[in-house]
Amino acid sequence: MHKALCPGSFDPPTLGHLDVIERTAQLFDEVVVAVVANPEKASAFDLEQRTQMLEALTTHLPHVKVGSFSGLLVDYALEQGASCIVKGLRAVSDFDYEIQQAQMNQQLADVDTMFMAARPAYSFLSSSLIKQVASLGGSVTGQVPALVEEALRARFSGRSSHGC
Ligand code: PNS
């Protein structure tokens, strides 16, 4: 039985995240979407909101579960019995950071990481950019799932809007 972890901050989940989760689910018997409890940057959505959004977005994938962790990712991987971490790579600029983390995780606990190339249509997407655009009243349609778009609208309602 091969189990993978798809970890991240998911603040908020984008269509790019969902695409990587769906494609990972085609390759592994079980997938745990691992939501970090304390992202390095202050989050727009709390852990419960991020977890609930991901649960709602993965109901069509019966062998995908959503969990959360704090502390080391490798400890959570071992606790879950996951043999592999899967991360999306959008561009070369992702690589430096991701390879460092992958090698550290390998060194720490012999947990391997596989990189999945982002679908080109989603290769420019990031949660940070999505939050910036949404907070300034721009449209993120087609970049995040509808329920995330709604959550962003609620989160940033009352902020300035210039409709770009
Ligand atoms: O969505 P992100 O921000 O790319 O996710 C990063 C995440 C959560 C996977 C990474 O920050 C992480 O693994 N955090 C847990 C802390 C940890 O294990 N650090 C050592 C590995 S380098």
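This report walks through the ligand site of a predicted model and the pocket around it.

**Around the ligand**

Let's start with the neighbours. The shell around the ligand is made of Pro7, Gly8, Ser9, Val36, Phe69, Gly71, Leu72, Leu73, Lys87, Gln101, Met104 and Asn105. Sorted by class, these are six nonpolar, five polar and one charged residues. Two elements, strand S1 (3-8) and helix H4 (92-109), each contribute at least two residues to this shell; H4 gives the most, with three residues.

| Residue | Polar atom from | Distance to a ligand oxygen atom |
|---|---|---|
| Ser9 | side chain | 2.8 Å |
| Leu73 | backbone | 2.8 Å |
| Lys87 | side chain | 3.0 Å |

On its own the ligand has 550 Å² of accessible area, and the protein covers 75% of that.

**The pocket**

Where does the ligand sit? Its place is in the largest pocket, which holds about 1,300 Å³ of space. The lining of this pocket counts 50 residues, and Gly8, Ser9, Lys87, Tyr97 and Glu98 are the closest to the pocket's centre. Several elements give two or more residues to the lining, among them S1, helix H1 (15-27), strand S2 (30-36), helix H3 (73-80) and strand S4 (84-89). Which element gives the most to the lining? That is H4, with nine residues. By class, the lining divides into 24 nonpolar, 16 polar and 10 charged residues.

Methods:
Residues numbered from 1 in each chain as written. Predicted model: local features only at pLDDT ≥ 70, side-chain atom pairs only at ≥ 80, totals over all residues. Heavy atoms only, no water. Near = heavy atom within 4 Å. Polar contact = N/O pair within 3.5 Å; in protein donor to acceptor, adjacent residues only side chain to side chain. Areas by Shrake-Rupley, 256 points an atom, 1.4 Å probe, with all protein chains shown as cover. 1 Å grid on protein atoms, 1.4 Å probe; cavity = no way out; pocket = protein on both sides within 12 Å on 5 of 7 lines; lining within 4 Å. Sits in = over half its atoms within 2 Å of the grid points. Helix = DSSP H or I, 4+ residues; strand = E, 2+ residues; numbered from the N terminus. Nonpolar A, V, L, I, M, F, W, Y, C, P; charged D, E, K, R; others polar. Points joined across faces, edges and corners; volume = space filled by probe spheres on them.
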